[in-house]
Amino acid sequence: MSQSAARTGDSPEPTAGDAAMAAEQLEERPPSPDIDITKPHIARIYDYLLGGKHNYAVDRQTAEQVLKVIPDAPLGARLNRRFLIESVRWMVQEAGVRQFLDIGSGLPTQQNVHEVAQSIDPDAKVVYVDIDPLVRVHAEALLATNPNTIFLTGDLREPEELLGRPELRDHLDFTKPIALLLVAVLHFIEDDQQAYATVKTLCDALPAGSYLAISHALKEESTDQASAVYQRGGLSGRPRTEEEIRRFFDGLTFVGRGLARAADWAPPDRPYGIAESDNGISIGDPEAVRKLPGLCAIARIDR
């Protein structure tokens with residue numbers, strides 16, 4: 001926006017890109033009237049990076065701007081998905097966890113949490129939570145015939161409200177271990193105090209033997225630039241340093257490799273790494289993978 005437009009409040013002249021996006025939006029129809037397709041949304045941008053189809057022109061435009069500063073962002077999204085799949089598989093198969101609370105779950109894609117967990121134990125219980133109404137529409141359609149999995153509309157930044165939901169308490173047994181999944185979501189809470197307090201509140205509500213799995217954007221020049229793109233689109237973004245990410249696990253016991261670069265992380269039962277054939281997620285060029293700015297870990301709640 002020009003300085004004169006900013007001072008006077010006049011709208012800037014529309015660009016050719018704005019006109020193209022407006023035309024594309026006219027052709028797109030959301031499945032529910034409460035879904036705003038004029039503003040980008042994190043879940044839909046992530047879906048686009050994963051190669052999904054549940055996104056709109058404004059999401060694709062923002063994603064393309066992110067790709068200018070992080071060209072390997074789709075690879076990072078796949079690597080993040082691999083962490084989610086392998087974390088869930090290990091927690092069910094090796095740690096004996098049968099309950100999952102996935103906050104910031106995003107749009108359904110291949111090998112969702114309930115599909116991975118219930119392929120090992122059909123009785124595993126899963127609660128998905130997301131703030132995006134489009135996620136709700138697709139999740140409810142996917143889960144219509146799955147009594148062991150439910151979806152709740154909720155905000156990670158309001159953990160007390162979420163923990164007090166009767167649907168959550170009816171579906172999960174808080175006297176038995178629960179896996180809390182905060183995958184690629186905490187870096188969208190800009191306020192550090194709020195982010196740390198949110199994780200502590202959620203972990204304090206879980207019994208001993210529960211687990212916390214986190215993946216988080218690492219603060220580097222490229223992620224700072226990507227955050228600026230999100231902020232211009234009205235979204236939040238806060239990559240953090242390794243020390244800042246490690247603080248989310250205060251008082252917990254790391255398992256396996258602990259906090260590691262996403263490219264170097266592996267579940268405890270696969271100490272020598274993950275073959276692409278293990279979970280069907282292709283990560284491509286190993287050298288490109290190692291440069292991706294993200295950290296992840298699983299930790300156990302022992303108290």
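Buried denotes a relative accessible area under 20%, exposed one over 50%, and partly exposed the range in between, computed with a 1.4 Å probe on protein chains only. The model is predicted, so local features need pLDDT of at least 70 and side-chain atom pairs count only at pLDDT 80 or more, while totals for chains, interfaces and linings use all residues. Residues are numbered from 1 along each chain as its sequence is written, and side-chain values use heavy atoms, with hydrogens and water left out.

**View 1. The aromatic pair Phe-83 and Trp-265**. Both Phe-83 and Trp-265 are buried. Rings of Phe, Tyr and Trp (its six-membered ring) pair if their centres lie within 6.5 Å; planes under 30 degrees apart are stacked, over 60 edge-to-face and the rest tilted. The whole structure contains 5 aromatic pairs. Here the ring centres of Phe-83 and Trp-265 are 4.7 Å apart and the planes stand at 80 degrees, so the pair is edge-to-face. Phe-83 belongs to helix α5 (residues 73-93) and Trp-265 to the loop between β7 (260-261) and α13 (276-279), so the pair ties together parts 182 residues apart in sequence. Helices (H or I, at least four residues) and strands (E, at least two) are DSSP runs, numbered from the N terminus.

**View 2. The aromatic pair Phe-188 and Tyr-230**. The centres of these rings, Phe-188 and Tyr-230, are 5.5 Å apart with planes at 80 degrees, so the pair is edge-to-face. Because Phe-188 lies in the loop between β4 (179-183) and α10 (192-204) and Tyr-230 in helix α11 (residues 221-232), the pair ties together parts that are 42 residues apart in sequence. Phe-188 and Tyr-230 are buried.

**View 3. Arginine charges over aromatic rings**. A charge sits over a ring if NZ of Lys or CZ of Arg is within 6 Å of the ring centre and within 35 degrees of the ring normal. The charged end of Arg-169 is 4.0 Å from the centre of the Phe-174 ring. Arg-247 lies over the face of Tyr-196, 3.9 Å from the ring centre.

**View 4. The largest cavity**. A cavity is a set of points, on a 1 Å grid over the protein atoms alone, where a 1.4 Å probe fits but cannot get out; lining residues have an atom within 4 Å of a point. The largest cavity holds about 100 Å³ of space. Among its 15 lining residues, Ser-105, Gly-106, Pro-108, Asn-112 and Tyr-128 lie nearest the centre.

Definitions and conventions
On a 1 Å grid over the protein atoms alone, a cavity is a set of points where a 1.4 Å probe fits but cannot get out, and a pocket is an open set with protein on both sides within 12 Å along at least five of seven lines; lining residues have an atom within 4 Å of a point. Grid points are joined across faces, edges and corners, and a volume is the space filled by probe spheres set on the points.
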